[in-house]
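Visitor: I have a model open and want to learn how to read it. Please take me through the features one by one.

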Amino acid sequence: MMYVSTRDANEKVSASQAILKGLANDGGLFVPEEIPQLDADIETLAEMTYQETAYAVMKQYLTDFTKEELESCISAAYDDKFDTKEIAPLREADGAYYLELFHGSTIAFKDMALSILPHLMTTSARKNQVKNEIVILTATSGDTGKAALAGFAGVKGTKIIVFYPKNGVSPIQEKQMVTQKGENTFVVGIHGNFDEAQTGVKKMFADASLAKELDAAGYQFSSANSINIGRLVPQIVYYVYAYSRLYKDGVISSGESINVVVPTGNFGNILAAFYAKNMGIPIAKLICASNENKVLYDFFATGTYDKNREFILTSSPSMDILISSNLERLIYRIAGNNPAYNVQLMNRLKTEGKYEITPEMKEKLSDFYGSYAGESETADVIRALYEKTGYVIDTHTAVAAGVYEKYKKETGDCEKKTVIASTASPFKFTRSVMKAIDVKYDSMSDFELADELSRIGNVKVPQAIEEIRTADIRHNTVCEVKEMPDTVRKFLKI
Ligand SMILES: *Cc1c(COP(=O)(O)O)cnc(C)c1O
């Protein structure tokens with residue numbers, strides 16, 4: 001299986017090379033030439049552990065990894081860093097199935113991929129005789145940063161530099177990042193929003209003279225952002241796993257289709273569900289849930305992607321995104337795997353901030369349904385679900401649950417079993433969650449809130465929160481967007 005760039009059909013690389021590079025030379029994203037089919041039937045899948053499911057899915061994509069290599073990456077990633085053996089348990093509440101993707105070390109779904117990416121990357125480096133030390137450069141809207149730091153901390157032959165919007169992440173997210181241990185970790189707050197951080201990182205990746213400077217000093221950049229195929233592929237696993245659990249638990253019969261609702265920002269998680277569907281998992285609708293930054297909702301409704309709008313800070317900050325990078329992979333596909341046309345659209349996005357797809361392309365989006373939930377709807381959903389069932393969900397998951405309610409009302413599709421991707425623990429966004437349940441909580445401190453959430457929700461305070469109660473701040477660098485390259489040089493002493 002080879003990977004091609006969404007912007008140049010002639011740029012063709014192996015899986016391990018795509019993982020090492022992150023982004024293609026022309027700025028495109030790597031996509032598999034074809035989406036492979038699962039070669040295990042549902043009876044077999046139902047008997048598999050999470051790790052075995054991961055192998056069954058990932059071997060179809062990472063074909064230049066040996067069985068031993070891939071299995072060793074999987075077992076190093078999905079071990080007791082996760083606080084449940086199931087890794088990604090399903091929890092039924094009010095008729096929907098919440099796929100809890102937050103049982104890893106940083107209590108958000110980014111752990112699902114970022115706990116394996118460092119192992120995929122160091123294995124890829126070995127396979128390709130890379131001599132340079134790998135410098136992971138990441139822009140984060142909050143969760144990726146910490147999950148990447150936790151994944152790469154202490155991993156030999158790597159350094160990691162994370163940029164986050166200084167005023168655009170939750171206090172707990174910030175504390176999690178600036179207390180990160182590990183001599184190879186660096187964290188920087190920028191004066192700007194997430195899109196500016198991401199654009200700044202992309203510019204450094206595309207900067208040939210900076211790459212030369214790095215090479216001379218024995219370094220090379222790679223990306224842990226959700227554009228890396230090594231992030232996307234591990235995310236397909238849990239959709240296959242969720243389907244096989246529903247079957248195993250007798251909730252669905254063989255071949256019965258389900259809906260999937262995904263709270264969406266960069267379009268990585270929902271794209272993984274789309275890949276799972278195309279591998280043979282019977283998913284009927286892919287329901288794309290946005291917060292008030294509803295670029296994707298407008299895109300699915302009109303066929304025009306338009307980022308020219310106010311950037312809104314919401315209580316679901318990991319979805320506060322106006323450029324959904326991974327959407328490019330879908331655009332490329334619905335354009336008939338046509339890099340030239342994709343480039344036209346991406347250039348328009350760059351110069352005019354918007355593009356419009358053709359009616360033929362729009363027709364190919366019928367698997368998707370897009371909607372959004374505003375701030376008060378999101379809070380209402382958290383409160384209502386808690387009052388009805390005692391289950392507490394985080395703000396991002398609540399956006400998805402709110403959109404699912406809208407979907408049912410609008411379409412009447414109420415009976416089909418539905419999986420809602422639950423992307424963060426409520427303990428990560430405690431203040432917003434607790435305020436939604438009762439405004440009286442707003443006077444409590446963050447840690448008092450965590451204890452209170454533990455009491456009312458009847459769940460233990462996760463280890464990730466306990467750890468930062470007392471941890472020292474180790475990172476305090478802040479810079480302007482234009483100073484990002486110099487900050488990198490300073491860290492690397494070049
Ligand atoms: C990153 C993130 C999302 C958005 O996922 P994408 O793959 O970027 O669409 C949603 N919820 C949480 C909690 C996240 O951390």
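Guide: We start with the ligand, then turn to loops, a helix and backbone angles. This is a predicted model, where local features need pLDDT of at least 70, side-chain atom pairs count only at pLDDT 80 or more, and totals for chains, interfaces and linings use all residues. Residues are numbered from 1 along each chain as its sequence is written, and side-chain values use heavy atoms, with hydrogens and water left out.

Visitor: What polar atom of T423 lies 2.8 Å from the ligand?

Guide: A polar contact is a pair of N or O atoms within 3.5 Å; within protein, one must be able to donate a hydrogen and the other to accept it, and residues adjacent in sequence count only if both atoms are side-chain atoms. T423 uses a polar side-chain atom, 2.8 Å from a ligand nitrogen. N269 uses a polar backbone atom, 2.8 Å from a ligand oxygen. For G268, a backbone N or O atom lies 3.2 Å from an oxygen atom of the ligand.

Visitor: How much of the ligand's accessible area does the protein cover?

Guide: Accessible areas come from the Shrake-Rupley method with a 1.4 Å probe; for residues, only the protein chains shown count as cover. On its own the ligand has 380 Å² of accessible area, and the protein covers 98% of that.

Visitor: Is N266 buried or exposed?

Guide: Buried means under 20% relative accessible area, exposed over 50%, and partly exposed in between (1.4 Å probe, protein chains only). N266 counts as buried because its relative accessibility is 13%. Helices (H or I, at least four residues) and strands (E, at least two) are DSSP runs, numbered from the N terminus. N266 sits in the loop between β10 (258-263) and α12 (268-278). Its side chain makes a polar contact with the side chain of Q198, at 3.5 Å.

Visitor: Where does S115 lie?

Guide: S115 is in the loop between α5 (110-114) and α6. At 9% relative accessible area, S115 is buried. A polar atom of the S115 side chain lies 2.6 Å from the backbone oxygen of D111.

Visitor: How many residues of α6 are buried?

Guide: Helix α6 spans residues 117-127, and eight of its 11 residues are buried. Among them are L117, L120, M121 and S124. In general, an α-helix has 3.6 residues a turn, so residues three or four places apart point the same way. Just after α6, Q129 takes a positive phi of about 50 degrees.

Visitor: Which value does phi of D94 take?

Guide: Phi of D94 is near 50 degrees, a positive value in a residue other than glycine. D94 is in the loop between β4 (90-93) and β5 (96-100). D94 is partly exposed because its relative accessible area is 35%.

Visitor: Where is N337 placed?

Guide: N337 is in the loop between α14 (327-334) and α15 (339-352). Phi of N337 is near 50 degrees, and N337 is not glycine. N337 counts as partly exposed, at 39% relative accessibility.
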